[in-house]
Amino acid sequence: MTQPAVQLTGIVKRFGELLANDHVDLTVARGEIHALMGENGAGKSTLMSILYGLLRPDAGTIALDGEPVVFDSAARAIAAGIGMVQQGFALFDSMPVVDNVIYGAEPTRRGLLDRRAATAAVSELVERHGLRLAPTDRVGDLPIGVRQQVEILKLLYRRARVLILDEPTAVLTPAETEQLFTVLRDLAADGHTVLLVTHKLHEVTAVSDTVTVLRDGKVTMTGPTSATGRAELASAMTGREVDLDRVYPAGQPGAEALTVTGLTVDGRAAGRPAVDDVSLSVRAGEIVGIAGVAGNGQTELVAAIAGLLPARGSVTVGERELSGLGVARRRAAGLAHIPEDRAEVGAAPGARLTDNLATGFHRRPPLLRKGFLRSGAMRTHAERIIERFGVRAPGPSAPMRTLSGGNQQKAILGRELTHEAPVLLVEQPTRGVDIGAVVGIHTELIAYRDAGHAVLLVSAELSEVLGLADRVLVMYEGRVVAEFPKTEADPHAIGLAMAGGAPRGVAGGTAEDSAGGAAGGVAGAAGGDEADVVGDATGHASENMAGDTAGDTTGDAAEDSGGGAA
Amino acid sequence: MNRLGRWRGALTVGVAVAAALVLGAILLAATGANPLEAAGAIVTGAFGPDGIQDTLAYAVPVAGMATALAIPLRAGLVNLGGEGQLVLGAISAVAVGLHVPGPLGLVAALVAGMLAGGLYAAAAALCETRLGVPLLVTTLLLSYPAMSLAAYLVRFPMRDQGSSLPQSAQLPPDVRLPALAGNGLTVGLFLIVAAVAVYAVVDARTPAGFEARVTGWGPRFAQYAGIDRPRTTLRLLACSGGLAGLVGAIVVLGFPYRFIDGALITPQYTWIGLLAALLAAASPLGTLVAALFFAALTSGGFAMERETQVPRELTAVLQAVLIIFLAATTGLLRRRRSAA
Amino acid sequence: MIDAALFSSALGALTPILLAALAGALCQRAGVFNISLEGTMLVGCFAGVAGSWYSGSVWVGVLTALLAGTAYSLILAVGTVTFAGDAIVLGVAVNLLAVGLTSFLIQTVFGTRGSFSDPTLPGLDPVEIPLLRDVPFLGEVLSGHSALVYVSWIAVPVLALVLYRLPVGLRLRGVGERPEAAASLGVAVDRYRYGVILAGGALCGLAGAQLALGNVTMFSENMTAGRGWIAVVAVMLGRALPWGVLAASVLFGLAEAFGFRLQGIGLPQQATDAAPYVVTLLALFVFSARLRSRRATRRTTVT
């Protein structure tokens with residue numbers, strides 16, 4: 001009766017030379033929410049993939065309710081009552097909720113799909129757990145937070161008793177996160193066991209009963225959450241003291257370098273634009289940070305300024321009007337751009353470092369002479385960037401993909417800074433980058449600003465925006481809803497604005513007005529509870545530093561072997 | 001790591017070739033022929049003192065088409081309409097050559113072939129960039145009307161009056177490419193060698209070639225870097241079709257100095273060329289080597305048929321089998337690498 | 001000019017294309033880009049004629065074509081699914097192999113070159129449908145086709161049923177839309193891909209049988225003459241929907257049959273040969289204008 005719901009003993013998993021899991025023990029009691037913490041590459045995803053049958057351990061055993069089990073496929077784990085919501089979504093956008101939920105376990109009548117029974121079963125689950133969606137909704141039309149609920153429905157439909165959620169909040173707003181936590185607490189009270197994989201301290205303290213911390217594939221700490229301090233968790237996770245909350249001194253802004261007026265980008269669905277009448281300016285020697293929950297138009301805003309998306313409105317760099325120009329002309333007019341998606345947009349992973357670094361410099365001297373590219377000059381150019389920005393690579397001929405996430409980012413950063421363009425657009429500069437490299441990247445950005453360049457920074461990590469920016473703009477649903485100078489940038493007020501708590505159209509107003517109005521507005525409307533949650537979420541944003549785990553080696557490897565069919 | 005990869009690559013090619021040879025031997029034995037004798041006939045037929053000329057004669061159109069199709073492939077664009085561009089180039093060259101006399105006619109015919117193929121491929125590119133129909137489809141679909149047009153022209157307006165075959169009149173002696181051998185090998189060989197050389201230099205050493213490669217590495221990276229995709233597509237397709245048209249012109253300006261319906265299609269120059277380009281990932285030298293290899297195999301096949309009565313189509317089978325093995329094993333390599 | 005005979009001949013002309021396009025649509029739905037329809041159909045043509053000739057029964061011929069198409073498509077299945085080879089390279093190579101192989105076999109098996117036909121070679125007989133036959137106009141259009149024509153008509157609703165009403169169809173569409181999600185729910189992606197490629201091979205085999213034993217009764221080198229490529233385009237035009245593919249195939253069938261008519265009033269055969277391709281291209285222009293606006297809006301969410 002007191003057997004733990006899940007017991008992993010001595011799990012070892014190797015990927016080539018990398019030891020992803022090094023004799024990991026994990027015990028999870030029935031009906032508890034157990035947080036599994038760790039930085040990128042600590043081995044969390046690998047461990048959960050093993051439990052879910054996507055990977056086979058090199059050594060170690062798994063027991064459910066005291067019974068030893070061996071999973072050679074996800075299907076076996078599902079049959080044993082384990083369900084997993086993986087990072088990112090595993091949903092079919094073109095299909096309705098009900099098809100997504102029953103997929104792989106379809107009810108039939110005389111051999112045909114029994115849609116009526118399926119809809120009834122899904123409706124019942126939706127009602128029982130108080131979810132806000134209809135079974136016939138097309139998944140592609142649902143907001144992100146609701147899609148997360150569809151994922152959970154899938155598990156409940158399969159009668160999963162053990163739910164694994166891998167970084168479920170990465171794409172959620174604070175309010176959606178709290179909604180998710182309510183659902184999870186409810187499920188745990190109902191006798192389900194929840195394993196929550198996360199690297200965010202505040203989530204651990206907000207929702208979990210027990211916490212286990214992994215570092216470099218080993219368990220460094222485990223115990224009840226209530227008896228564990230945040231500092232203790234942080235040092236168990238990082239193994240060192242890193243000053244992540246460093247706030248850099250303000251810059252000395254000069255003339256306006258980038259001016260955006262009335263920029264509007266059409267959205268996916270007809271009606272609501274992705275970027276809605278945004279006006280902003282960035283001065284030379286200034287970093288303007290854009291805060292906001294992912295998916296509120298930041299990506300589209302930068303893409304439109306860079307010329308990658310069609311937009312209405314005006315963009316000027318210096319005196320030059322850019323609207324109507326293509327990417328190349330805009331770059332020539334003085335734009336450089338470090339994009340969010342390193343692997344697909346910012347670089348060619350299969351090509352040599354030399355070629356990646358030469359791109360954009362290949363139509364002018366010194367790389368080009370008398371109409372021909374000089375391979376010697378290309379190599380020197382690459383070596384100079386590698387040296388100057390401390391990119392760790394086997395050599396300039398190494399393919400980009402052989403570099404770690406942090407070094408790829410340093411290479412792209414180096415290439416773009418080398419343009420010495422008056423205006424730099426930077427998106428998520430430290431996402432998926434090791435903590436050690438974060439400070440270096442921040443220092444480079446500050447130095448670039450101090451050299452008299454204008455920087456527009458978009459980041460999902462509030463601490464990053466707060467540390468670097470001279471001015472903070474908040475985007476919500478495609479609009480700039482609040483603006484704060486560095487001295488008045490308060491995480492609490494910014495968090496409220498990110499959650500949509502700022503009154504509309506205050507972009508031009510003073511910071512105090514908007515912050516005060518925002519706080520008052522939400523407190524009045526939603527009560528103090530929600531405001532607290534938001535404050536918690538943003539106040540501890542610094543622990544999110546490790547960011548998204550897209551570049552995480554073990555995670556990648558796990559995905560590869562799991563989805564081998566692709 | 002890199003050296004290991006290269007070794008594994010070489011090993012893979014070796015295994016694929018060996019597997020194709022074994023399969024070929026089994027097929028040969030099944031027809032009652034002596035596999036060793038047949039293999040000997042293929043080798044001497046391909047590289048022997050007489051055979052080498054046939055190999056070169058066949059290699060001119062195959063290598064030309066392979067290079068033509070490699071040009072857009074470098075940027076990840078597949079031109080499936082090589083046949084139409086080839087035929088259109090050929091018929092245009094004949095049309096001009098029959099009406100413009102003298103050495104000027106020869107040059108005009110070559111230029112006309114290039115223009116016809118180039119413009120036609122450019123039209124396919126515009127259908128993608130302006131009208132949004134995938135290039136793969138526009139090139140393929142435009143290919144058939146071009147072949148039909150040529151078939152119509154040599155049956156009616158341009159027909160050789162003295163013959164019952166669907167073929168054009170013969171070009172006058174001064175509108176012919178000087179022959180290097182009696183089997184149709186002409187100085188067109190040098191034109192193709194020059195085209196391959198130009199492609200190699202442009203690919204490796206010029207901004208335009210660099211931008212094509214960047215586009216091939218990743219279309220979104222290329223767009224981000226400011227490379228204008230529609231313009232790149234148009235340029236590459238125009239070059240591709242232009243070279244295909246030139247190949248067509250070179251073929252009809254050699255023996256038998258006329259356009260014969262189907263003569264450019266039946267030997268499968270285009271598809272073999274495309275496969276050579278695909279296998280070599282459009283690298284200029286690799287494409288040339290693969291094309292030469294396939295040409296040798298084909299001309300060896302003719303010799304084999306003469307000496308052993310085994311149908312020459314067997315070599316076409318061998319070619320395809322070899323390609324299938326190569327594609328499969330390189331896929332395996334790719335899969336291993338991404339998992340490691 | 002436009003009469004029952006026109007529509008009747010259109011139905012005959014579109015059947016091989018329809019069968020092959022259904023094969024392509026099935027593969028597309030499971031995320032397999034299959035451009036080997038042309039070659040697989042050609043193998044079906046040859047196997048159908050050979051089976052019919054040696055057994056003396058056209059039905060053995062049809063069965064041989066079906067089995068040969070299935071077996072032949074195994075090359076693509078192993079190459080792309082198990083070995084993760086490039087689908088375009090493999091597709092082109094498989095097509096080339098089919099041309100070489102059938103040209104080789106026609107010599108070793110029948111001892112002739114180019115084409116094989118014989119008055120005693122059994123072909124598919126027209127099937128008169130009782131009742132329907134007597135309806136004016138409709139009877140003339142719809143009755144009196146080979147059995148495979150009717151099979152192709154039945155295949156459309158059957159495919160729609162499988163895709164949208166059976167669990168296997170739901171899983172298959174999921175495999176095509178997002179293979180990693182399907183795998184995470186315990187669906188064996190590779191097995192589904194094998195399944196659709198082999199089933200597609202069977203359909204292409206039938207398409208070949210109809211072409212070589214129904215439309216004509218002979219085998220000639222490269223006799224598919226681009227029909228497999230038209231089928232590839234029909235899949236795109238019909239957005240891989242069973243009824244959409246049918247509509248696209250009907251369009252080609254009409255274009256081809258109408259082309260034959262135009263020959264009657266003095267237009268050269270070559271103009272009519274080109275007609276289906278030109279019509280297809282025009283249809284794609286019209287459809288792509290709509291698709292393009294949709295794609296443009298989708299692009300914003302890709303980033």
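How many residue pairs are in polar contact between chain C and chain A? The count is 11 residue pairs, both residues of each at pLDDT 80 or more; a polar contact is a pair of N or O atoms within 3.5 Å, where within protein one must be able to donate a hydrogen and the other to accept it, and residues adjacent in sequence count only if both atoms are side-chain atoms. The model is predicted, with local features needing pLDDT of at least 70 and side-chain atom pairs pLDDT 80 or more, while totals for chains, interfaces and linings use all residues. Residues are numbered from 1 along each chain as its sequence is written, chains are lettered from A and ligands numbered from 1 in the order in which they are written, and side-chain values use heavy atoms, without hydrogens and water.

On the side of chain C that touches chain A, the elements giving two or more residues are H6 (147-165), H7 (167-177), H8 (179-184), H9 (189-215) and H12 (269-302) of chain C; helices are DSSP runs (H or I, at least four residues), numbered from the N terminus. H7(C) gives the most, with eight residues. By class, this side has 13 nonpolar, seven polar and seven charged residues. Contact (heavy atoms within 4.5 Å) involves 27 residues from chain C and 33 residues from chain A. The buried area, which is the accessible area (1.4 Å probe) lost by two parts on being put together, summed over both, is about 2,600 Å² between chain C and chain A, with 62% from carbon and sulfur atoms. One salt bridge (a side-chain nitrogen of Lys or Arg within 4 Å of a carboxyl oxygen of Asp or Glu) is found across this interface. Glu106(A) and Arg171(C) meet in a salt bridge through their side chains, at 2.8 Å from N to O.

Between chain C and chain B, 46 residues of chain C are in contact with 46 residues of chain B. The buried area there is about 3,900 Å², and carbon and sulfur atoms give 77% of it. Leu96(C), Phe104(C) and Gln270(C) supply 17% of the area that chain C buries against chain B, more than any other three residues. Two salt bridges are counted between chain C and chain B. The side chains of Glu305(B) and Arg113(C) form a salt bridge at 2.6 Å, N to O.

Chain A has a mean pLDDT (the predictor's confidence in each residue, from 0 to 100) of 81. Over residues 504-566 of chain A, pLDDT stays under 50. Where pLDDT is low, the predicted coordinates should not be read in detail.

Key. Nonpolar A, V, L, I, M, F, W, Y, C, P; charged D, E, K, R; others polar.
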